[in-house]
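Let's take a walk through this structure together, one stop at a time.

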Amino acid sequence: MFQPIVFIGMIFGVSWGMFMGALPGFGAAIGMALLIPFTYGIEPIIALPILAGVYTGAYYGGGITSIMIGVPGSSPAAATIMDGFPMTQKGQSQKALTTSLISSAFGGIFGGFALLLLAPKLVQIVLLFGPAEYFVLAVFGLTIIASLSGASIMKGLISGTFGLLLSTIGVDVITGDSRFTFGEIYLFDGIPLIPLVLALFAFPRCLIMMKDIFLKESLTLSLSDEKGRGASVTLKEMFKMWKTVVRSSIIGTIIGMIPGAGANIACWVGYGEAKRNSKHPEKFGTGIPEGVAAAEAANNSVAGGSMIPLLTLGIPGNSASAVMLGALMIQGLVPGLKLFETYSSITYTYMIAMIFSCFILLAIGWYTSRIFAKLATINFLILVPTIVMVVLMGSFSSRHYVFDIWVTLFLGIFCYWLTLLKYPMPPILLGVILGPISEKGLRRALMISKGDWTVFLTRPICIIMLILSVISVYYGLRISRSNIGKGMKKKEKLKI
Amino acid sequence: MKIKKSNTLDKNLLSYFVFCIIAIFIYIRTFDMTPSSSMFPRLLSIFIFSLNAFLIGQYFYYSSKRNEKEIIQNRKNYWKNIFNLKKYTVIPILVFIICCLFVFAYPRIGFELSAFLLVFSIMLLINRKEAIKKFYFAILIPLLFLLIFKVGLNLAVPLTVEIFFK
């Protein structure tokens with residue numbers, strides 16, 4: 001961990017994350033997806049801290065553009081606009097940026113410590129798991145992320161099942177049967193993960209950017225007119241907000257631990273709770289540092305929280321941790337007990353890197369936030385072809401097969417279409433990753449029980465997880481219905 | 001606004017049919033496998049088919065409740081909506097085609113030339129005047145990537161220089 005190369009990697013990771021977070025529409029998931037091909041050949045002890053840096057940097061980076069431009073770099077930074085942008089308009093951008101930075105770093109450190117303390121304890125649960133539990137765990141993971149990651153649970157479930165179907169491509173490890181390979185030797189090992197991640201997250205983003213350029217008819221975002229920068233936040237001012245920052249960090253960590261919830265929800269809950277507990281709630285939204293601190297501490301603490309179910313059970317909390325799960329699998333690391341025993345040095349390095357990257361973020365962010373705000377206004381004329389190049393060459397870099405670029409392109413255009421129709425992408429990735437685990441679990445459990453399907457209803461952990469799956473589907477259906485209801489009401493209003 | 005909403009529904013309907021076709025295709029393919037290998041994909045194909053069949057049914061159920069005028073307008077616009085060839089719809093498809101051409105050309109004419117053509121054509125698509133003014137980026141970006149992939153990651157990249165001047 002304390003090798004200079006690891007720190008250099010983390011500095012690069014944080015900077016890349018800040019840049020990706022600051023670019024509207026990008027964020028942590030795409031930032032990591034674009035970097036995975038480059039970290040593939042690097043040792044996991046260096047590669048994972050780089051990705052930890054990206055994760056931390058991206059959450060803060062989203063806040064920079066929220067404050068400076070009034071456009072959230074990524075959706076977790078949406079609540080930061082409420083007070084961050086009015087502060088810039090009042091000529092207090094420096095105070096907003098530094099408040100955001102300190103709160104983000106505190107939230108990240110808090111989440112990192114929660115991960116370090118809770119993950120090794122929670123992983124013991126895995127000891128109780130047999131094949132039946134692994135199958136039900138995969139079902140649970142998929143239903144919960146499907147129900148919470150999009151507007152419609154049905155689309156989430158379709159995405160997840162489509163991901164599971166993709167995971168069946170390749171040679172069956174139990175019988176040696178070749179499944180859906182169409183005679184292509186390149187598909188014998190299944191769909192390669194790096195091209196898949198790029199096809200799900202990065203390539204559709206490039207195409208959406210192209211579409212947006214023509215809709216908005218603008219090649220760049222512009223920085224708002226500032227009435228001066230103002231002073232940085234003082235320690236005294238920061239200390240006055242300690243309750244808000246700690247409360248938001250706790251909220252963010254807990255929400256991060258709930259699979260599927262993530263930073264998009266945490267930032268609003270943190271902001272809402274800060275407003276509810278404030279002595280002057282009417283000032284929220286007018287440009288006060290407390291509003292910025294609440295939103296930023298909550299969204300950054302999600303990073304650590306979401307890693308707890310990921311590293312212990314293999315269930316990602318949000319799309320960024322789903323990509324992180326992909327990165328772990330690419331490095332040959334399977335979440336669970338083995339990660340904490342056989343690969344403990346790598347795992348603990350990663351967890352400590354999550355904390356250290358917050359200190360690096362503090363140092364880099366203090367001096368360079370404005371530079372990243374300017375970088376976010378980079379001309380799309382240069383940005384789009386550059387990212388297209390990363391996607392194409394990144395898919396090629398993992399196995400040196402041109403076939404992998406074709407996989408990215410064709411799967412990418414299909415996923416672009418699905419993205420336009422609001423199908424969530426994280427369940428597809430999760431389906432591909434959980435597919436082999438769930439299939440093996442299902443087949444082994446049925447083999448042990450001699451084909452008796454009630455095996456999944458007789459074991460206590462299975463029953464608990466199945467009940468939770470049903471609850472998550474019910475909850476997802478209620479969300480979908482309320483969305484439909486809102487749509488219907490809007491339609492009725494329009495008719496009137 | 002009304003038409004825009006029904007457009008989305010129609011496009012969704014197409015996606016449900018696409019998933020149904022995928023499910024049927026997979027179900028049929030599983031007959032070539034041993035029973036043990038085919039069980040999981042077969043279960044998944046049945047599940048994905050059921051979900052989409054339900055959504056198709058739901059779509060027609062709700063459409064029967066809509067007024068007739070709206071249904072007729074939807075039918076008229078159905079194919080027009082799906083292949084809505086506005087400029088912003090065509091551009092991503094053009095980018096996809098350019099990318100396909102790059103992959104096709106890349107092993108044949110080498111990285112530098114194919115990457116230059118890829119970057120420059122995307123720049124032209126975004127803004128013709130600006131692209132011509134800043135054409136040097138179309139040279140610099142591929143060179144930067146060449147440096148990263150060839151020198152940094154030691155990737156077996158076919159070079160134009162090697163192909164044409166060997």
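This is a predicted model: local features need pLDDT of at least 70, side-chain atom pairs count only at pLDDT 80 or more; totals for chains, interfaces and linings use all residues.

Leaving aside neighbours within four places in sequence, A:Ser104 is in contact with A:Tyr59, A:Tyr60, A:Gly63, A:Glu296, A:Ala297, A:Asn300 and A:Leu361. Here, two residues are in contact if their C-beta atoms, placed from the backbone, lie within 7 Å. As for labels, residues are numbered from 1 along each chain as its sequence is written, while chains are lettered from A and ligands numbered from 1 in the order in which they are written.

Back to A:Ser104, which has its place in helix α5 (residues 93-122) of chain A. Helices (H or I, at least four residues) and strands (E, at least two) are DSSP runs, numbered from the N terminus. Is A:Ser104 buried or exposed? It counts as buried, because it has 34 C-beta neighbours inside 10 Å. The cut-offs go like this: a residue is buried if 20 or more other C-beta atoms lie within 10 Å of its own, exposed if 12 or fewer, and partly exposed in between, with C-beta atoms placed from the backbone.

Now hop over to A:Ala298. Along the chain A:Ser104 and A:Ala298 are 194 residues apart, yet their C-alpha atoms are separated by 7.9 Å. A:Ala298 sits in helix α12 of chain A, and it is buried because 38 other C-beta atoms lie within 10 Å. Not counting residues up to four places away in sequence, A:Ala298 touches A:Gly107, A:Ser248, A:Ile251, A:Gly252, A:Ala266, A:Cys267, A:Val269 and A:Gly270. A:Gly111 is 187 residues from A:Ala298 in sequence, and 9.5 Å from it in space, C-alpha to C-alpha.

Next comes helix α11 (residues 263-277) of chain A. How far should its 15 residues span? At 1.5 Å a residue (the expected span is 1.5 Å times one less than the number of residues), the answer is 21 Å, and the end C-alpha atoms are 21 Å apart, so the two agree. The buried residues of α11(A) include A:Ala266, A:Cys267 and A:Gly270. As a group, the buried residues of α11(A) pack against α3 (44-68), α4 (78-89), α10 (242-257) and α12 (289-313) of chain A.

Let's zoom out. Chain A has 20 helices and two strands, and buried residues make up 59% of its 496 residues. Among contacts in chain A between residues at least 6 apart in sequence, 79% join residues at least 24 apart.

What about the nonpolar core, meaning a set of buried Ala, Val, Leu, Ile, Met, Phe, Trp, Tyr and Cys residues joined through C-beta atoms within 7 Å? The largest one has 199 residues, and A:Met32, A:Ala33, A:Leu51, A:Val197 and A:Cys206 touch the most other members. Helix α8(A) gives the largest share of this core, 14 residues. Leaving aside neighbours within four places in sequence, A:Ala33 is in contact with A:Val197, A:Leu198, A:Phe201, A:Ala202 and A:Val323.

Not everything is tucked away, though. A:Phe182 is found in the loop between β2 (178-179) and α8 of chain A, and counts as exposed because it has 8 C-beta neighbours inside 10 Å. Its phi is near 50°, a positive value in a residue other than glycine. A:Lys450, in the loop between α18 and α19 (455-458) of chain A, has a positive phi of about 55° although it is not a glycine. With 7 C-beta neighbours inside 10 Å, A:Lys450 counts as exposed.

Our last stop is where the chains meet. The contact takes 48 residues from chain A and 48 residues from chain B. The largest share of the side of chain A that touches chain B, 11 residues, comes from α16(A). In α16(A), 15 of the 20 residues are buried, and just after this helix A:His400 takes a positive phi of about 60°. Chain B averages a pLDDT of 82, where pLDDT is the predictor's confidence in each residue, from 0 to 100.

Conventions. A nonpolar core is a set of buried Ala, Val, Leu, Ile, Met, Phe, Trp, Tyr and Cys residues joined through C-beta atoms within 7 Å.
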